Amino acid sequence: MQKTKRLLIILLAFLMTLTVACSSDKDKNKTEKAEPLLVVNPPFKAPVSETGPPENIKWITNESDPVYASPEAVTGGTLRLAITDFPLTFRVVGPDSNSSFRSAILDNQLSLVSVHPNTENIVPEIATHWAFGDDKKTMYFKLNPNARWSDGVPVTAHDFAYTLEFMRSKHIVAPWYNDYYTKEIDRVIVYDDHTLAVMATKAQPDLHLRVALAPTPAHFYGTLNDRFVQDYNWKVTPNTGPYQISDFQKGKYIEFTRKNDWWGKDLHYFKNRFNVDHVVYTVIRDYSMLWEYFKKARVDVFGITIPDYWYNKTDTPIVNNGYVHKIWFFNDTQRSASGIWLNQDNSLFADKNVRYAFAHAMNIEKVIKTVLRGDYFRLEQGFVGYGAYTNNDIKARRYDLEKVEQYMKQAGWERGADGIWEKGETRFSVNVTYTHEEHTSRLVVLKEEAKKAGIELNLRRLDPAAAFKQILEKKHDAAWMGWSTSLRPQYWEHFHSVNAHKPQTNNITNTDDPEMDRLIDAYRNSLDEKEREALSRQIQAKVHDIGCFVPTFMVPYVRQACWRWWRLPEPPGTRHSEDLFNPFSSITGGLFWFDQALYDQTQAAMENGTTFPPVTEIDKTYLTGRDNP
Amino acid sequence: MISISPLTQKKVKRFKSIRRGYGSLILFCALVALSLAAELLISNRAIIVHYQGDFYFPTYGNIIPGTTFDLDYAYETNYRELARRLETEASGNWVLMPPVPYNPYENDFMEGKYPPSPPSFSRKHYLGTDTSGRDVLARLVYGFRIAVFFSFALLIVTYTIGVALGSAMGYWGGKFDLFVQRLIEIWSNMPLLYVIIIISSVVVPSFFILLIIMVVFGWASRTWIMRTVTYKEKEREYVLAARSLGASDTRIIFFHIIPNTISIIVTFAPFSVAEGVIALTSLDYLGFGLPSPTPSWGELLHQGWSNLSAWWIVCSVVVAMIVTLTLVTFIGEAVREAFDPRMHTVYE
């Protein structure tokens, strides 16, 4: 009896602690209004240069490139988007900051200058004018005097000098940035509040891509200390772009609100853009759940690039009744170098004939025609979409059993009893390392087709981290992967012998070729654009000649579904648009707008059951030189 | 040695008299036997080819290149096409194809249609194709074979370890028992699923790696019953008699105690087979099982789940699982009833 009583008391106590714990949890979940932004620190002043900028420089501006926003655009409305995970911090540097959500914050942080998405010319952002120094490593900028931080403080040249100070600080715990802003940017020279120069450490082509810094609000951060990482986790940093975080609830949603009187709203390239009043990111952790949210109009836009969504899943009442529009927009941007990367340190692929045979044994066309429903395009080589830097004469090796036979015999191999090529003890059996379950259906087709060519593929799916580790340690046979892109092709990391035969470099094919090294060095050292373009095309031909990379697919378009009250300009995107509903990007974003009349009409129609004709818009403005799908 | 004692004979007789269980056993054995001969029933290789006076039996062994039959390619003969061609030629040559002329790996894409395609008797996809255009029936049967033999192997190894260690614990008792008990308690608290997820993210698990992992974590639960019954058994006269005759511990455990307690273990075996099949299927379902493109029920289930409109995938695999697991459960119940000690033993 005594015992039961004691047990009861303990249980009761436990229950009470539980309830207390629960209620305190609830308190924590309260909506967190973004903290008011206060100017607390004395303004940072970089030493002002005593001499002004050189006399002989030529100030340039660019207000003449075509605009790509629609003059019909009106302001208003809320765009509701989804993120799969709540960001771990609002900081954009330091631990845990490299989440996909970071771009939403960074996109609202304008730079000095930017690049026009259709012409690739330099266009102004915070700077109105710029000039190149004779040394090919300095650029001079004049700032827009109207530029303001979101707290109303004017943006000055000192804020750019502070960027260097900030990025080089050890308190931000971001070694990569520390290193980059030390090794790549030499200094920022302040001439007066609105004139500055940014100097790179070495002369280089496309200098503007290197030195177009974004300012950092010195008055907000003040002097950094070792509590930076903790202190700024959830602080909303002042920015210069059109939107600012106005409200959030951790784990649930983040709301951005358009600034009332944004200083940039009437600028040539920003006019009629950034139209919605609010952008709300809701956390929806599952992709199929997101589709359900979209169908209930609780999310406005949904990506349907995947064939299954484009063809099957969108065969649903909301689309067939015309409430939701489908858009297929072809862009012309840098394509990821995705394909099969052969490790030449593996004795199997040491022989060029074997590499060629392998490429000819990959029936990529069949995969495109069957599994991918003809929706994907063959990637002809690793560097497509770089304009004049791309060598359009290169054609990927096509599936050809005779050529396989010919190359393998040249290399001295024979077919074994099971039909697989053999040479001595070695069988032509290749482990293909890959990471995504969705790619299995493509690889099984390649495997069956390769078997006809006498090559055995063993599919080895690993967790992305484990696969990447294996590949970077160069322990793979063949890696099925793609690389991210940059504005200009990068060769040194992938194909220079400096990076071959050692772990943790991106030369995962272990390419080690003196001629290639010569070309890459010349490309890297050249400051002449025409020469660089020619060298780039030569390097690509050399990559094709070495045959260590079997290019697979590219998706030269984006397909999205949106509710019909969303309007887009004509054409709906830019050459480089990868998301027609990107709300913030200063280059390609904010082109859409909310149409209240259409919204009311659609809501009424859905209520009383009237329908509209279904709309599938296919835009081929930027589809160049390829067969139509 | 272990011989069939009259008692065991009685149990077997009793088992046979439980018709549902006995019937299930026969059916299950037949299914396993059929799956062993799957190459003759479900394969893209012909059973017999009669070509220009010669007979070919391509089912087992090396590939026969297309050139053998005067085709213009050197890779493995496409027997389905060969059969069609020889039929139209009517030159006395013929091909005997298996009832399902597809292997579980090949993709059968149709012009203008995209997989999965529904069941079709004319194309001999009796259960349709999966999302990669592979025959569902072929993948079911080959997947069954792998799952069942995986589970048999798992059963044998875990029981061998579990029974031996359990008996030792029960027989020696004392500190050894205490120590191993604690060891097992700690060991069984290791989350098996997480371990498998971690391991399979680092290496691609093969049949044997998976088997080893499952054994390493599966033996512990088999020890408890053996330990208990051995405790009971070792006090009985025949053990004392054996010991007084000078029999070694090993001999007593393996030749006296285990044969007398095996019936208790046997009743658990059918359920363990079911457990093994479920374990492998769920791992494959989660994507941590055998590497693609190994035919597997879990993978089919996963496909079916994400393509519910392709009802034939999910239906096939769910029906197959229900049938198998029901059969095994019926067998298990019958075995338990037949081996029920109350029917046979009289306590002293």
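Four strands of chain A form an open sheet in the order β12-β24-β13-β27, with mixed pairing; two strands pair if DSSP finds at least two bridges between them. Strands (E, at least two residues) and helices (H or I, at least four) are DSSP runs, numbered from the N terminus. This is a predicted model, in which local features need pLDDT of at least 70 and side-chain atom pairs count only at pLDDT 80 or more, while totals for chains, interfaces and linings use all residues. Residues are numbered from 1 along each chain as its sequence is written, and chains are lettered from A and ligands numbered from 1 in the order in which they are written.

- Strand β12(A) runs antiparallel to β24 (residues 557-563) of chain A, and three bridges join them.
- Opposite Cys562(A) in β24(A) stands Val301(A).

**Strand β21 of chain A**
- In a regular strand the side chains alternate between the two faces of the sheet.
- Both faces of β21(A) (residues 478-481) are covered: Ala478(A) and Trp480(A) on one side, and Ala479(A) and Met481(A) on the other, are all buried (20 or more other C-beta atoms within 10 Å of a residue's own, with C-beta atoms placed from the backbone).
- Strand β14(A) (residues 339-342) is joined to β21(A) by four bridges and runs antiparallel to it.
- Strand β19(A) (residues 429-434) is joined to β21(A) by two bridges and runs parallel to it.
- Ala479(A) stands opposite Trp341(A) and is also the bridge partner of Thr433(A).

Methods. Buried ≥ 20, exposed ≤ 12 C-beta atoms within 10 Å, placed from the backbone.
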